Amino acid sequence: MKNIVKLLVILILGITQVSVSQYYYSGSAYRLGFHAGLNYNFVGLGYQKLLPTGEANWLSFYANDGSALAPYFGLNADYLSGDWWGLGLRLSYDSRNIVANDESVIQYGKDPEFDISANYFSIEPSLRINQSIVPELYFSVGPLLSFNLDAKYSYKPFKDKDYIQYENQEINNVNSFVYGLNVGLGYDTKLDYWGQDKTIFLTPFADFSWMTGQRQSDFSSNQSELTDVWSTYSVRFGVKAAIDFPLKKEVRENKEFSYVGLSLPTNGEVVQRVLEEQFPLLNYVFFDEGNQEIPNRYIRLAKFDARNYDETKILSQYKQGVNKTRTDQHMLVYYNIINIYAKRMITYPNAKLKLIGSAPIEKDGEIIAQKVKDYIINIMGIESERITVEGVENPRLPSGSSSLSGEDKTMADRENRRVEFVFDNEEVYKPLLLKIIDEYPVDSDLEFSIFEDVKFNNWSLSITGEGVNKVYGPFYERVENIN
């Protein structure tokens, strides 16, 4: 076991001064994005006329003369103060289309229908009101300032018939600028992180919007623009997508903050475990394309080293058991495969070996098998008559299938270029017992945690000292383990 008390003392001192040259985020932010949704419009048209014949329409007042669905989309910007309030702004294409019926003339044998297109560019500032019960939910209220883009109608004398008397007629006396009121609510959902400190939010929202006085009075200047000349009420559902940019309030240097907790390994010690496992041996040596020599990745010994070769000490001999990953350790064993099998032929002096070389493209299977035989004879001193060599086009158990083509077939051909070890004694194939030192078990990790009362988007950990300069992160959760 390694005692790391000195290291932990250094870390603890560093943790009490965790925010050296660190930005402090005030909680305020601004957001930029876009929005899209649908207006469900219903309209009170009041006492006015649209037809060029001069007759009055909508003689009686109805709160709802018609309705329709229409698109709503645009850009939005928000400022969040970090407190209970915020400010919002939407710039929108705001369609207030409706299909209206003039029910006041049904008694005269008519039932006319007006298909009205009225589209606006709307500027919608708002006050955002946050609350603590459901922190992600907010309310908004603000004025509606809209500029008319177009206003047209198509007229059907009888709504249940296809006949259109007037089509795409311009509506006169339309106010180019109108105003109104928006109230609504939204629910912020954190979708993902963008970069180190920015966050992507998706916000479903619902609004009630009232647009007043969309047209001038046809009959009297005393008519109320709020109640008696064309006001549209809209129930709106949509979604905003925005990127949150946090605002940095100040830089704090060399100050002490109670931000981070540190949990140490038991007794301040890193535990070393010895793992014992049975590692099955692969009885193939793969040769490189177009090369008849044993690839350099396979470890080859000098004659002197071959005398004392011990398969149980492979990892310690090459001093890579500690610093390599477990996968790398296994590969190190595999790259010793020729030496392991040759040493076992000494252990089992009656065992005989057949080397089958396969080469689907080069057709030199016997040559590459002979290369392996020469190494075993010359370095490990195995008798030549105990080893036979055979060359074939494809191995006994080929990779891939006859239906492969293109790159897949090329990869299979490369894998089939190999030498197979076939022994007449099954004992030679037995797995290798490995003892691997695991220096980094989970219970030796350092656990860092950001306290619950600290608000953050992400955090990083920097450890510096004599010959040490490590940065971990960024992290997005409150608790992280460091190896």
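View 1. Rings of Phe, Tyr and Trp (its six-membered ring) pair if their centres lie within 6.5 Å; planes under 30 degrees apart are stacked, over 60 edge-to-face, and the rest tilted. The pair links distant parts of the chain, with tyrosine 341 in helix 5 (residues 337-347) and phenylalanine 421 in strand 19 (residues 418-423), 80 residues apart. Helices (H or I, at least four residues) and strands (E, at least two) are DSSP runs, numbered from the N terminus.

The model is predicted: local features need pLDDT of at least 70, side-chain atom pairs count only at pLDDT 80 or more, and totals for chains, interfaces and linings use all residues. Residues are numbered from 1 along each chain as its sequence is written, and side-chain values use heavy atoms, without hydrogens and water.

View 2. The pairing rule gives 19 aromatic pairs. Tyrosine 155 and tyrosine 166 have ring centres 6.1 Å apart and planes at 35 degrees, so they form a tilted pair. Phe114, Tyr153, Tyr155 and Tyr166 make up one aromatic cluster.

**View 3. Arginines over tyrosine rings.** Arginine 236 lies over the face of tyrosine 72, 3.8 Å from the ring centre. The charged end of arginine 418 sits over the ring of tyrosine 284, at 4.3 Å from its centre. A charge sits over a ring if NZ of Lys or CZ of Arg is within 6 Å of the ring centre and within 35 degrees of the ring normal.
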